[in-house]
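Hi,

Here is the structure I promised to pass on.

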Amino acid sequence: MTPQDAAKYSREICGLAPVIPVLVVKDTSHAIPLAKALVAGGLPVLEVTLRTPNALDVIREMATVEGGVVGAGTLLSPADVRAAKEAGALFGVSPGITDELIDACEAEDLPLLGGTATVSEAMKMYSRGYDVCKFFPAEANGGAPVLKAWNGPIPQINFCPTGGVTPQNAADYLSLPNVLCVGGSWVAPADLMNAGKWDEIEAIAREASQLGA
Ligand code: 3PG
């Protein structure tokens, strides 16, 4: 996959819904009901973070849910990229970028939503052919005003801000011309997952799916 193909795919998946749920799933038995609830609520794109020992199993399970587009988050190394691809991830997300990570994603045909926190990092991604990036950690880095300012010099680069995004501030991001969607963990709270309250998660997802509309 060329960087241009990867960027095109990232643009497509970022256009499927206004919010990409960022998921930390500790119990593999939650994978399928969680994915079904989020997809039913209108959030088909799912980022499973590689922050739990069972994350690859969660990706494997979620990848079987119809209508879902499952990716792997917290990619840090080429080994993560290979494992994510092998588990069935359709895209990857990283908190930052390194050349070896980009190279590994290209070698594995895994579209990468690479994390950027500065204009230089966004320019670096652009120089490698990527015009869609994650902006991380969004709120701690100054939030929507920063992306608004970046749209002056680098309007050709679009973002998925993640980190500290909430139902309260999501609309500020989504109103910007250079924001395609946001990422956030609020749609899958651990207490609701542990209680098996999938209908409540579906309701949160449905509300999130209307953000920016
Ligand atoms: C993360 O780091 O887990 C993601 O960026 C999600 O952040 P959030 O929990 O602030 O939504």
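Where is Asn54 found? Asn54 sits in the loop between strand S2 (45-49) and helix H3 (55-62). A word on those labels: helices (H or I, at least four residues) and strands (E, at least two) are DSSP runs, numbered from the N terminus.

Before going further, some housekeeping. This is a predicted model, in which local features need pLDDT of at least 70 and side-chain atom pairs count only at pLDDT 80 or more, while totals for chains, interfaces and linings use all residues. Residues are numbered from 1 along each chain as its sequence is written, and side-chain values use heavy atoms, with hydrogens and water left out.

Back to Asn54, which is buried at a relative accessible area of 10%. (Buried means under 20% relative accessible area, exposed over 50%, and partly exposed in between, with a 1.4 Å probe and protein chains only.) Leaving aside neighbours within four places in sequence, Asn54 is in contact (heavy atoms within 4.5 Å) with Val25, Lys26, Asp27 and Thr28.

Next, the sheet. Three strands form an open sheet in the order S6-S7-S8, with parallel pairing. Strand S6 (115-116) and strand S8 (158-161) are at the edges and have a single partner strand each, so one side of each lacks a neighbour in the sheet. Two strands count as paired if DSSP finds at least two bridges between them; S7 (residues 132-135) and S8 have four, in the parallel sense. Phe135 has Pro161 in S8 as its bridge partner. Helix H1 (residues 3-14) lies across S7 and S8, and runs at about 60° to S7. For that angle, axes are lines fitted to C-alpha atoms, for helices over the stretch in contact, and angles run from 0 to 180 degrees between N-to-C directions.

Helix H4 (residues 78-87) has Pro78, Val81, Ala84 and Ala87 buried. The cover over these buried residues includes H3, strand S3 (69-73) and helix H5 (99-108). After H4 comes Gly88, with a positive phi near 110°.

H5 also holds Asp99, which is partly exposed at a relative accessible area of 37%. Leaving aside neighbours within four places in sequence, Asp99 is in contact with Lys124 and Arg128. With Arg128 there is a side-chain to side-chain polar contact at 3.0 Å. (A polar contact is a pair of N or O atoms within 3.5 Å; within protein, one must be able to donate a hydrogen and the other to accept it, and residues adjacent in sequence count only if both atoms are side-chain atoms.)

What about the cysteines? A search of the whole structure finds zero disulfides, a disulfide being a pair of cysteine sulfur atoms within 2.5 Å. Cys160 has its closest cysteine sulfur in Cys181, 3.7 Å away, which is too far for a bond. For Cys181 the closest is in Cys14, at 3.6 Å, again too far for a bond. Cys160 is buried at 2% relative accessibility, and Cys181 is buried at 0%.

Last, the ligand. The residues around it (a heavy atom within 4 Å) are Val22, Arg51, Phe136, Thr162, Gly163, Gly164, Gly184 and Ser185. A backbone N or O atom of Gly164 is 2.6 Å from a ligand oxygen atom, and a polar backbone atom of Gly163 is 3.5 Å from a ligand oxygen atom. In Ser185, a side-chain N or O atom lies 2.5 Å from an oxygen atom of the ligand.

Cheers
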